[in-house]
Structure formats: structure tokens, C-alpha cells
There are 4 protein chains.
Amino acid sequence: MSTSSQANTPPSRCRARELGLRHWTIAPGVNNAITDVPGVLVGHKTLIDGSGRLLPGVGPVRTGVTVVCPHAGNLFLHKVAAAVHTINGFGKACGFEQIRETGLLESPLALTNTLSVWTVADAIVTHMLAQNPEIGVSTSTVNPVVAECNDGFLNDIRGRHVQTSHVLDALASVRSGPVLEGNVGGGAGMTCFGWKGGIGTASRCLPAAVGGYTLGALVQSNFGRPQDLRIGPLLVGPFLTPPLSAPPPQNQGSVVITLATNAPLDARQLERLCRRAAVALARTGSVLDHGSGDFVIAFSTSRHFPHWPSTIHVPGELLVDEPLIMSHLFPAVVEAVEEAILNSLCMAESMEGRDFHWRAALPLAPIRRMLEALPADSKQEVD
Amino acid sequence: MSTSSQANTPPSRCRARELGLRHWTIAPGVNNAITDVPGVLVGHKTLIDGSGRLLPGVGPVRTGVTVVCPHAGNLFLHKVAAAVHTINGFGKACGFEQIRETGLLESPLALTNTLSVWTVADAIVTHMLAQNPEIGVSTSTVNPVVAECNDGFLNDIRGRHVQTSHVLDALASVRSGPVLEGNVGGGAGMTCFGWKGGIGTASRCLPAAVGGYTLGALVQSNFGRPQDLRIGPLLVGPFLTPPLSAPPPQNQGSVVITLATNAPLDARQLERLCRRAAVALARTGSVLDHGSGDFVIAFSTSRHFPHWPSTIHVPGELLVDEPLIMSHLFPAVVEAVEEAILNSLCMAESMEGRDFHWRAALPLAPIRRMLEALPADSKQEVD
Amino acid sequence: MSTSSQANTPPSRCRARELGLRHWTIAPGVNNAITDVPGVLVGHKTLIDGSGRLLPGVGPVRTGVTVVCPHAGNLFLHKVAAAVHTINGFGKACGFEQIRETGLLESPLALTNTLSVWTVADAIVTHMLAQNPEIGVSTSTVNPVVAECNDGFLNDIRGRHVQTSHVLDALASVRSGPVLEGNVGGGAGMTCFGWKGGIGTASRCLPAAVGGYTLGALVQSNFGRPQDLRIGPLLVGPFLTPPLSAPPPQNQGSVVITLATNAPLDARQLERLCRRAAVALARTGSVLDHGSGDFVIAFSTSRHFPHWPSTIHVPGELLVDEPLIMSHLFPAVVEAVEEAILNSLCMAESMEGRDFHWRAALPLAPIRRMLEALPADSKQEVD
Amino acid sequence: MSTSSQANTPPSRCRARELGLRHWTIAPGVNNAITDVPGVLVGHKTLIDGSGRLLPGVGPVRTGVTVVCPHAGNLFLHKVAAAVHTINGFGKACGFEQIRETGLLESPLALTNTLSVWTVADAIVTHMLAQNPEIGVSTSTVNPVVAECNDGFLNDIRGRHVQTSHVLDALASVRSGPVLEGNVGGGAGMTCFGWKGGIGTASRCLPAAVGGYTLGALVQSNFGRPQDLRIGPLLVGPFLTPPLSAPPPQNQGSVVITLATNAPLDARQLERLCRRAAVALARTGSVLDHGSGDFVIAFSTSRHFPHWPSTIHVPGELLVDEPLIMSHLFPAVVEAVEEAILNSLCMAESMEGRDFHWRAALPLAPIRRMLEALPADSKQEVD
């Protein structure tokens, strides 16, 4: 099986803000990616193989796994503050209970297809056990955190093609800097608003007066009804209809959203960030469909919580909620997640999957034209 | 003190869809109001008195109370299924714990200003005690449900001007049919996206194939940053700046959303509806600000749960979640709440309040012009 | 109306550990009271008036209010970390939503009867407005936190006899040192396991190796079925039947539990403490009855969060959860709450209330005899 | 590897009530087991192999898997109402998010060791995919529900010895009637209050006047500090000290509790049942330790929810909460879970595990003697 990684931006695609979107108000980081948060690493393993009729267990394969690491060290020994939030719970996310209780993340995050969640979680454990021989012998166990979307419209999802070795490959490939988007990693076979979806990322930088912190988002997009799609200030759904090669899936998919920041936030504050991701979903057109597993995971890289603490106190300081911080962080979350979703749409290329199911890439030219036709941002006269 | 009720639509105002909004896809009810749900009643008591400098405890007064009754009978004896949801909890809502536990509403809902919540709750109890002499003597007590927004920018909120008699007046005035909107009842002194906010309502009717049920919303709007305002497919915030007569309040306000339906839903399903209200907030531009108490309350009129049940079983039937119901109800919630918020903005008139603080009515003409300038809904050619 | 305060321990009563209970393993503080947490203050206002037949709105009166202050200063300006937890939500607690969102308490806590919750909340606001003229004018509003139990078996609860002045009296009377227990303050008319209940308190001190912190509890007890009562290692319910002067209330009451500590915990950790209070309820025999509003509120006095922060950072440090802290704090919560409940039973005297309803004091002599008859704590031989 | 199943009650062991416990007040079902709920099936696969020094990945093996099926049919096509509750979240339970959202269980439940959760979940999916060829092709995916405890004190938990075939064996072995307890299935290597723990079950039957429904519990016990153990009315922890062959694990373990009933309850009501399981934990001595993953899952067999509903309505009726039902069901939950835990302790035999770690069986004779020494249930004279 070929398990190639997408190498760079396809010639016909671009990131969302290159379309001329001007409604965002907060500056992105250097790469406009979750990796703009210092220390954060991302890796993908993309599995694309075969074509034609579905042979369950054989193919075609259109899937993969994406991993996000809060830092390059041993996460079990040096945990980070974290929170989770379930926007709509029709999904199979793993590891949420322990994060709710302890407020800590102790392993890399992984995003994959629905039926591979447990293999991927087990593979993350394999990775953590290898790093930490004392787990399960002289200390507690480890909590992998994995979330998923259903790529079964394109992918032989019953085949559960993501294997342990693929997860280890993804973990071995993590890096900082620009992040591949679109049909890559866990996003390989995803669908968003009837178009080809996938992985997208973005970031925002806070003003120095409120700490100058960075907030990054990475999404695996697989949600939305075509008629509802919004691109920034545009309701484009009624103007653009994706070609339909087969009846659409019964459920409208799902989305996984990961948030990273170096702002010194605790679990309660991170959970508040998570809840704002729903605003970004709405801005792109979601109505939080019944069958959609919409999950958010956030972590702060600002402090490491040692597994073997040397004192009974946590070092360092936290941000206050008021008066300014959350007024900057909440819009930053909304903008970063919105842009990450749009990036996943703008960067994904058309794909044919199982049973000749077809997902067209979101057409960028008409959107660019519609955006150009919008009135300029000069103030209207109010009568 | 004058406590006049707003009599009808002001000449210069109109409801949101009269501006030419065409993005909604689900038909409203006869009055496009929460009262389209059979049996639901609404009453307002508006308190507007005085002007000029703030004399705390004296005035000026710009406040009131709005009540929503699921039916005209004795709610303590004939309860209805209900749910609540806290989108952002920076608020003083009363009565939520018991609804979460029992899934039942047993009193009228009330909406008012922040510092009058407890007086209003106590007044609702006065009303219920008068109806039910056995409460607290031979049976349990009663749980009033009241939520609030902060109208202190215009109103002498420290004065807590809403008195028991005002609540009883509002309860005595409940009616079906068209609902007054704008500067009325609990919405009298509210602010939304920097413009005058207040009470708004709307409804949606489901197709007969999924039961033909009605879903209604009523909101008390007091949230949002001016630059973020969206009107349907338009991002108008950058084009329309409200005049500023004083520094804006430190926190960005809040919103109370009530949902009513005659669909036979249980508490779990109603809670799912509540969560979709956040999508509507986002569609109008909210980022769920830090200091905003954003609360949702939903009830179903389909069945009455007797306080003194004659059998151990609940009569009647419930809707299944799948495959069709929630796919219709969720968009209905989003549309009804979005339209109710826009109605609160479009129907509210300009108001001067304490310390000559001024809230301009949302200017409708430029919005109408912008909407007319949008491209028609014909499909773009996809390249 | 006479509103006398209970002056000291009645001759026939004693605190629970004086009965010979030896099963607790953690040392109490100096007064074995919530006030052992430095800075914490408690005040009561007890309302006992009239006798004989119930005249709703007139009497007999058997009720009151108890207030707990985390410190003697202005709580709005100097907030403390706090959390709430609902064990069973059939109750009317006020102020929980905002604590869940912000993790902060900004007013004294109050405990009272069910139908006086809103008057008491409003009175707390009156107190806070007087202290803080900027509330509602130049800054946000204030969130009172009040919880309740139903004393309607003895008290004319429909009369809502707790007035604003009574709450202000209770606030004016707060003090450190020993805390009055039994038929005092909000506990005046309460019933617990069919016996007279009321206010109880206790505390625990952690070893120096885990910080030497103090944990205190104060309860208003009004729950439990007679046959279920457990006193430490004894199941006494089957041996002791309270005299029954009237049919018992339909619902089995409720309980309010407040926890205070000087351990530097955040809201997430405090919420974890709250959840352990359910263990103490179970140890005294509760099955968390359907109609019981069982609420827990916890705060930490370790840090003050300024309303007007001068920096964007919170000063100071937090405790780690692991490895030792929670293993000491959780048992401390269980022991302190259990002992506080037993103290409320052991210190409350018999009382006649409305309609000649009678609640006997828990008989202490037979319990003392049963405890003395238990085998000594020497180890059994294991075969 | 030998994977024998425990065949029957060991000669030296007995179920808890045979010790002379008389404090329970509700009658058990025929087998005093979760299988007393009509249709419920249980299966175990026990893996015991090797001895001596730990060779991670090799052994010794002391683990297994236990499965609980709400009915014998295809659970994906005929789902049942369900709820989950997290008492303390330091654990790795899978499948909770979807049950919280949909209120439905669509696969067998499984209980196993911590590091085998994901393999077991994946195996459950394998089983469901085989039954349902349309999953992932023409309809949605499936949500396995698996919970775990850490048996690493006795078992080579890093070896993740539970394989897909073992889970399929357990599923193939499900049956009604008596249920094996103690060192069986997922309970093979567990520890409870310092003694050998494992699987336990019990049931309770409601009076005919409240429907005559049955409530069953099955637990996998692995929690508690030795000094805290309570057996019914006895605090035995201070009298019985388990022999210690090695330092105890850092964390105090966890417990999984499953509840089944044929009472027609919805998800909200089932969640209320789940919360009462914490009372049973407390009655046996738990303080809900920091490191304990304490999870509860409940389902009702009363109605089947079709995956492909033929109408938009759910057939049948529900129980009201009041006035009687929950007053019977809540104590039934407490008693059944308490007895199930005690059964797990009374039925488990001593076991040597990895590194010669030893867990003694709870000694029954001294407990029987202590129970016999208790005063009879005649009423004390109250002075």
C-alpha cells in the first residue's frame, strides 16, 4: 500500500485568506498554524490506496491519522493543562473523562477515522509504554486522547486500515513550522459542506498588552450541509452546489477541533476557550447536526506538570479571566477555528473514493469573485 | 410612575424579514412569534420613568419584566417537560438546578434586569402560592425560573424598580397572538451590538412529514460588540457604528433565550435544542463574551405532567431523535432564535436613559440597501 | 416577634464526638468548626415565634438564616476561588451558574428555608450594593449564593418570614471562633432522619507534610429516612424510631453543605472536594432521595482575586493534585461533613412547630450505650 | 496459554448475605444477579497464566474481560435507553460521549483492565460489524462502551493480554441465570480494600404497587483503602488488615458499575440511578479516591429503539419520577451495588500474581463472628 504524505500546496489551491477575506481582526502567527504556539508539533500519516468498488476490509483506502504534540518531550512525565468540550456528542472520542477530572493531558492527541479510534488509542499507548517503562509496573497508566470523524463516504472505513505502525510513523514525523493541510493525515477522506474537507490550521497572536500570547487551532473537518456554507462575510451555500455522485450519508459528519496556546491558563479557562469553538462552526454554517460528533480539545504549553512532583505546589502563575484576557482570547479562538476550517476546505483537492464516490474541491474562483464584489469597508451613512 | 405598555409597531420600525432577508428556509408560524406554539402566552410590564442624572434608587427607570407561560392553566399542577442550558454562565439565572434534575417546568418563566431577578422570582412564588394553597403545607415547594440581562447602561439598575405588583401585572396581561417587541417588558433598557436591544420573537413550522410541529423563540437581547454585528448574510458591523454617548459597559451584556415547542420532546431532547441557540448567537455576531450570561430555557407543551399523578406511568409518546426530526428541529431553532434577535434590534426604538446615556435604534435603511445590493440567489457557475 | 439567638450548648446535648465516636482518623481544628479556617466567619439569625395551628403568613415561625463569610473584607473587591456541586438538584439554590463559569465567590453565602431563598438573595445584594456604590453603575453586578432546605413541617414556610433586616442582622453578627449549632439560623426548623436537625459544623487539619491546611464544613441538615440513620460505625436507624406527630412530608428534605479551606486550590480542585460530600451523606444513611436538594459549595481563602486586577496574572501558587494532597483532602472532607451532620443532630433540641408538629431531639443516651458496646479496636485474628 | 473459566463457587467462599447480613430491606431476584432483569446476559473470559517475576509483555497474566448484553438480539438494530455517570474521572472509559448525547446503548458493555480498553472496544466493533454489514457503508458507525480498572498489581498489564478472540469468546459465552463472581472475567486480577476483588453482582425487586420491576447491578471492584472497609453495619477495616506482599499501588484503583432494569426509564432517569451508585461505594468504605476511575453505566431493557424507525414516534410509556418510583428505585440501586461489591469480595479467592504479589481473599469467618456479635434488631428504649 502506498502511504505517501502530501508534499506541499497543490497548484490550484490556496489558503483561505488568499481569497481576499478581510473580516478577521486579529493577526495570525508566522505560519498561521497551530505550530506557531512555541513547542507544538504536528505529524500526519496519509493512507490512500486503491480505487473502484468497495471491498470491505480491502479498500479503497482514503484515511490516515494526524497527531498533535504539546511539546517534544515525554508528555507522561511532563503533562500540560488541558480541557475538553463536547459540542455534540454523537462520536467516539477517547480519553475525555480523565481530562475532565485531572485537567491534564499526558499523551499526544490523535485525529483519525471513526472506526480506527481504538487502534490509534492503543498505538498511542504503545508509544507511551515504550517511552515509560514504569507505566503499569510502578506507577499509574496513561490516558490517550483520540477523536474521529466518519470518512466512510470515500474510505473503506470498515477496513480499519490505520495500523499501529502508521500511528508510530505519524508520531515519528512530528515537526514544527508549516503544517500540511487538506487531504492529509486524519483528514484524507473527509467531507465538509458537501465538498472535500480535511485538515486545516490557523493561529492568532494577542497584543503585547495582554501578554502577547499565541493561540493556534487545528481541525479535522467533516461536517455541514452544502446549502449552509458561509465563507467569512458570504453566505455561499445557496450559490454553490457540490456535485453529487451518490446519496449523501445519513448523518452530517462531525469535526474535531484542537486548540493550543502558550497563555498560562488552567483547565477551567481552557474549557471556556473550547466552548467558543462552536461559534466558529456556526460562522462557517454548521447547525450542530444531530449525527455530528463535534469535539474540542485545548491545552496550554505554558507550564509542565511533572508526573513525579518534587513539591506539593505547582510553580508559576495563571492569567486572570478579567478584564482583558478573555475578551481577546475568545475572539482569537473564533477566528482561528473559523480560518482553520476554511483552510481545510480551500486546501483539500478533489478526490474519488470507494464506489466511485466523488468529493469535489471547493471551487475557489467563484468565491474570490463574490468576495471582490462585496462593498468596500467604508462606513455607510446612517440616516 | 408611568408604566405604559408599548402599543404597536413604531412607524419607523419593522420586523427583520421586512428588510428583505431571504436566507431563511423554514416557514414561520402565523404571527412569527413564540405564541404560534398553541397555548403559549406572553405578557410584559414595562417601566419607563424619569430622565437625566442617575439618582440610585430613584431613577431614571428603563426596565421591566416579561413572562412566558407554557399554558393558561395551573403550571404547578400541570407541569411541562423542560430543559435549560448555560452557554456562558456569567449571570444570575434562578431555578436551573431543579429543571436539570426533574426535567420539568412548574411555573411561568420570567425575564428581567439583573438586580431584580430575586424580587421577580419571589413574586412568581407569590403568584404560585396564591394558586396553590397546598404548597409548603401538604406538598412540596415551587421552583420559579427567572433569567436576566444587565440594563444598567440606561436604567437605574441599583434601584431594583421591578416590584411584586409589576410581576403580577405582567402575569395578568399574558395573551396569545402577536407579541410586542423591542423596548418592552424585560427588554425595555437593553442594548445589543451597541444598538438598542430588547425583546424579540419568531417561530418556525416543521413539515407535516415530520409532525408539523411548531417551534417558537423569544429573546431578551443585551449582548454583542458593534463591529461583529451580522444581519443574515451580511456582516454589517464594520459598516455601521452606533453613536457612543458614554464609555461602553465593561462587560458585553448577556442574552436570555426561551424556546417553546409542541413537539413531544423529553428533557434530554429539549436540552439538545437549547444548545443550538448558540449557533444563532454566532450568526448574529456574538463570540460568547466573557462577561455575558447567555442562558437558554426550552419547554414542550405536548404533555402535562400532573403534580398528583394517578398512575405510575407517563401517558403518551415521544419523538425519536432520528432520522429526520432533529435534522428539522435544529435548523428551526437556529432560524427562530436568529430572527428573534434581529427582531429585537429592528423593533427597538432609540432611547435615552440614565446620565443621558443614549442607545440608537439600529438604522434600517442602510441595511435594507445593503441587502438589496447582494447578488440574487441564482447559482454561480463553478469552474 | 422574638428573634432570639441560641446562646450556648443546651444542657442535655453534646457534640457528636463526645458520644464516644472513635472512627475518625484526622485531627479536628481548635473549635472543630468551619471557623477553624483562618478568616472564615459565621453568623445566624434565628426566628422562632408563635405556636399552635398554622395560619399561613402569620405563623408559627421556626426558621432563620445562616451566613458564612470567607473573610471579613469586601468580598466583591476581593473574591475567592469557589466551586459548587449539585448532588441532587431538587432545590432552589441561587448563584450556581456564575460560580461554575468564573470559579469565584464574591459575596457571603447564605442558608435559609426554601421559600425565603429569593428574599435572602436580594438582601445579600442590598448588603453588597451598600458596600460597593460602583456596582451597576460603573462596573458589573454581584452574584449572591443562597441555598435552602424545606422547614415546612415545623415552620409557616409560606409566610416567608425571613426579611431583609434579618439577613443584615445575621451579616452583622458574623464572628470567628465557636459556631452555634442545632436549632439556630437557617437550621431552626429543620428535620434530619426524622429527628430534629439544623446547623452543624466540624473541621479537619492536614499533616504538615502536605501543607498543614485546614478544611472546615458547615451544614444545614434536613434529609434522610429514619430507618437509614448511621452514627459512625453504627446503623442505628433500625433501633431508634422517632415519634411521629403527623404524616411525614412527601419529600425527604435536603441538605446544604459548605466547605472552606485555606489550601490553595483552584475551582476544579474545589469541585472535586465538593463531590466527596456525597460520601459523607451516605455514611450518615442518605440514599440521595428523589425530592432532596443536596447542594455543596466550597471556597478557598488562600488567595484573593481582586475585582480590579492590577496585572493580567494571578499571584501565587496552587497545590498539585498528586500524589498526596487529594489523598488527604478527600478523607478530610468526608470526615468533616459527616461530623458536621452528626453535630447538627446531636446539638438540636426537640421542637414543636406548626399544627403541633413535633420533632424530637435525637436521643443520645442509647447511642452512647450502643457505641460503648462495640468491640474495642484490637485486631481480630484472621484465619 | 490457559484461559480457563471459573466453574463455580469455591468451597471456602460464599456470597455476602450468607455471612448473616440483615440490613438490606428490599428483596433480591431469583439469582440475586444482574441477569434477574429479563433478557440480560453476562459472559466472562478469564486469562490466568504463568507465575513469578514480571516479564512485561509475557506475564504473569491475571486478567480478562466481562461482557453484559441488554438482550440477545442485535443491539445495533434494537438499541436500549442508557445513561452514564462519572463519579471520579481518573479512568479510560470509552463510549460515554455518545450515550450522553443520544441516551442509547447500541452494543454490549465490556469490563476489562486499563490498558486493554481499546483492544476490547475494537473487538466489540469487530463483533458488531460482523452482525451489521451496513455499518460504515450505508449507515452510521457503532459506539462500543468499555470501562476498566487497573489490575497491574497482580497482572502484566503492559502485556495487554486480552485479544480480540478473547472478547469474541466472552461474547459467545453470554448467558442468563447465575453469574460467576470473584476472580473471573475482567475481575480476574482486581484488588478491593487491599483484599482480592473482582466481579460481583446482585439484584433487587420492587413491590408490585410500583411496577414490580427488577434492578440488577454488576461490578468490577478494584478500589478502597483497607482501613475503610465496611461490611453492612460493620466498620471492619480497623479490625482486619490484609497481608502486604509489596508496596501498595500509588493510586487506589477504581470501580466499574453496571446497572440494568426493566423499569421503563428514560436517559435522564437512568442517569439519576447512576448517581446513587456513589452511595453504595461510600457504604462499603470508599472516599472516591483521587486516582480512582469510578464509572457507572445504566440501561433499561423495557423498550427497544429501532435503528431504522418506521415512525417518528417512540412506542410505549415511561415511569413518572414521583411520588413513589424513585423512592424505591434509589434504595434498590444502593442495596444492589453495595451487595454486588461485597459479593465480589466474598467470592474472590486469594491470588498470587506478578512478582509474587499476593492478594488474600477477604477472611469470612471473623466477619461472620462480628456480625453475630451485633445486637439483635429489637428496638432500644429511648430515654
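Colleague: Which strand of chain D does strand 16 of chain B join, and how do the two run?

Modeller: Strand 16 of chain B joins strand 15 of chain D, residues 313–314. Two bridges link them, and they run antiparallel. Keep in mind that this is a predicted model.

Colleague: What stands opposite Leu318(B)?

Modeller: Val314(D), in strand 15 of chain D.

Colleague: OK, step back. How many residues of chain B and chain D are in contact?

Modeller: On the chain B side, 29 residues, in contact with 29 residues of chain D.

Colleague: And what area is buried between them?

Modeller: About 2,200 Å². Carbon and sulfur atoms give 55% of that.

Colleague: Which residues of chain B lose the most area to chain D?

Modeller: Glu101(B), Ile312(B) and His313(B). Together they make up 30% of what the chain B side buries.

Colleague: Which elements of chain B give two or more residues to the side that touches chain D?

Modeller: Two helices and two strands of chain B: helix 1 (96–102), helix 4 (267–284), strand 15 (313–314) and strand 16 (318–319).

Colleague: Which of them gives the most?

Modeller: Helix 4 of chain B, with five residues.

Colleague: How does that side split by class?

Modeller: The side of chain B that touches chain D has 13 nonpolar, six polar and 10 charged residues.

Colleague: What rotation superposes chain B on chain D?

Modeller: A rotation of 180 degrees, with 0.0 Å of shift along its axis. The RMSD is 0.0 Å. The two copies are therefore related as by a two-fold rotation axis.

Colleague: What share of the contact residues of chain B recur in chain D?

Modeller: 100%. The same surface serves both copies.

Colleague: Change of topic. How many salt bridges are there over all chains?

Modeller: The count comes to 72 by this rule. Among them is Arg204(A) with Glu335(A), at 2.8 Å from N to O.

Colleague: Why does that pair tie together parts that are apart in sequence?

Modeller: Because Arg204(A) lies in strand 9 of chain A, residues 199–205, and Glu335(A) in helix 5 of chain A, residues 325–347. The parts are 131 residues apart in sequence.

Colleague: On to backbone geometry. Is the peptide bond from Gly59(C) to Pro60(C) cis or trans?

Modeller: Cis, with omega near 0 degrees. Pro60(C) sits in the loop between strand 1 (41–49) and strand 2 (61–69) of chain C.

Colleague: What about Gly59(D) to Pro60(D)?

Modeller: That peptide bond is cis, with omega near 0 degrees. Pro60(D) is in the loop between strand 1 (41–49) and strand 2 (61–69) of chain D.

Colleague: One last item. Is phi of Phe356(C) positive or negative?

Modeller: Positive, near 60 degrees, in a residue other than glycine. Most residues other than glycine have a negative phi, and most peptide bonds are trans.

Colleague: Where is Phe356(C) found?

Modeller: In the loop between strand 17 (351–352) and strand 18 (358–359) of chain C.

Key
Residues are numbered from 1 along each chain as its sequence is written. Chains are lettered from A and ligands numbered from 1 in the order in which they are written. This is a predicted model: local features need pLDDT of at least 70, side-chain atom pairs count only at pLDDT 80 or more; totals for chains, interfaces and linings use all residues. Side-chain values use heavy atoms; hydrogens and water are left out. Contact means heavy atoms within 4.5 Å. Buried area is the accessible area (1.4 Å probe) that two parts lose on being put together, summed over both. Helices (H or I, at least four residues) and strands (E, at least two) are DSSP runs, numbered from the N terminus. Ala, Val, Leu, Ile, Met, Phe, Trp, Tyr, Cys and Pro count as nonpolar, Asp, Glu, Lys and Arg as charged, and the others, Gly among them, as polar. Two strands pair if DSSP finds at least two bridges between them. Copies are superposed by least squares on the C-alpha atoms of residues with pLDDT of at least 70 in both. A salt bridge is a side-chain nitrogen of Lys or Arg within 4 Å of a carboxyl oxygen of Asp or Glu.
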